[in-house]
Amino acid sequence: MEFTEKEEGLVKESWDVLKKDLPLYSLHFFTQILEIAPAAKDMFSFLKGSEEVTQNNPKLKAHALKVFKMTCEAAIQLREKGEVVVSQTTLQYLGSVHLRNGVIDPHFEVVKEALLRTVKKGMGEEWGEEMGNAWTRAYDQLASAIKAEMK
Ligand code: HEM
């Protein structure tokens with residue numbers, strides 16, 4: 001099914017909102033990940049052994065930023081080209097980083113759920129099913145490219 005301009009717009013619009021307060025939304029994103037899958041904590045070098053997730057951790061912000069931003073880029077590509085095009089070098093890098101850190105396929109579902117909850121929090125009243133579906137479609141395509149590279 002075609003990824004429409006409207007869907008692309010919904011993703012871009014909400015990414016613009018999240019971008020305005022990355023420390024807040026990164027923290028929310030990780031808090032959600034750990035709420036859904038507490039064991040995920042030890043995978044992240046910057047969370048290992050720590051008592052709580054802290055807001056000003058630069059690595060935490062970096063990972064949240066990458067996930068949000070790359071999903072948004074995936075949405076743009078889906079609309080423009082009908083597929084998600086990630087350079088082979090980037091994919092290889094992403095594949096190896098995640099393999100090395102013990103990430104397995106089901107974790108991608110956890111991260112997706114955390115991502116959706118974070119967009120929902122940022123958008124408040126403007127959040128809706130269509131917006132959720134647009135993020136889901138873009139994320140799923142990106143995630144399957146990364147997962148394929150991890151095989
Ligand atoms: C590292 C992106 C999904 C766990 C990284 C890095 C990138 C990245 C770019 C390299 C570090 C950096 O440059 O900041 C993504 C994207 C994802 C995704 C785009 C989904 C579309 C996941 C999932 C997990 C995960 C599902 C597991 C819960 C990690 C871990 C590291 C990492 C543990 C190493 C971080 C560290 O300790 O320094 N990810 N990631 N990622 N990612 Fe992901």
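## Exercises on the iron site and its helices

In this predicted model, the iron atom of the ligand sits in an octahedral site, with angles of 88 to 179 degrees among its six donor atoms.

**Exercise 1.** Work out which residues coordinate the iron atom of the ligand, and where they lie in the chain.

*Solution.* 
- Start with the donors. His63 (NE2) and His98 (NE2) coordinate the iron atom, at 2.0 to 2.1 Å.
- His63 belongs to helix H3 and His98 to helix H4. They are 35 residues apart, so the pair links distant parts of the chain.
- Check the geometry. Ideal angles for six octahedral donors are 90 or 180 degrees.

**Exercise 2.** Decide for His63 and His98 in turn: buried or partly exposed?

*Solution.* 
- The cut-off for buried is under 20% relative accessible area.
- His98 has 14%, so His98 is buried.
- His63 has 23%, so His63 is partly exposed.

**Exercise 3.** Describe helix H4: its span, its buried residues and its packing partners.

*Solution.* 
- H4 covers residues 88–100, 13 residues in total. From first C-alpha to last it reaches 18 Å, close to the 18 Å expected.
- Its buried residues are Leu91, Leu94, Gly95, Val97 and His98.
- These pack against helix H3 (58–81) and helix H6 (129–150).
- After H4 comes Gly102, with a positive phi near 80 degrees.

Terms used:
Residues are numbered from 1 along each chain as its sequence is written. This is a predicted model: local features need pLDDT of at least 70, side-chain atom pairs count only at pLDDT 80 or more; totals for chains, interfaces and linings use all residues. Side-chain values use heavy atoms; hydrogens and water are left out. Helices (H or I, at least four residues) and strands (E, at least two) are DSSP runs, numbered from the N terminus. The expected span of a helix is 1.5 Å times one less than its number of residues. Buried means under 20% relative accessible area, exposed over 50%, partly exposed in between (1.4 Å probe, protein chains only). Contact means heavy atoms within 4.5 Å. Donors are N, O and S atoms within 2.8 Å of the metal (3.2 Å for Na, K and Ca); water is not among the atoms, so sites may look incomplete. Four donors count as tetrahedral if all angles lie between 85 and 135 degrees; four count as square planar and six as octahedral if opposite donors are over 155 degrees apart and all others between 65 and 115; anything else is irregular.
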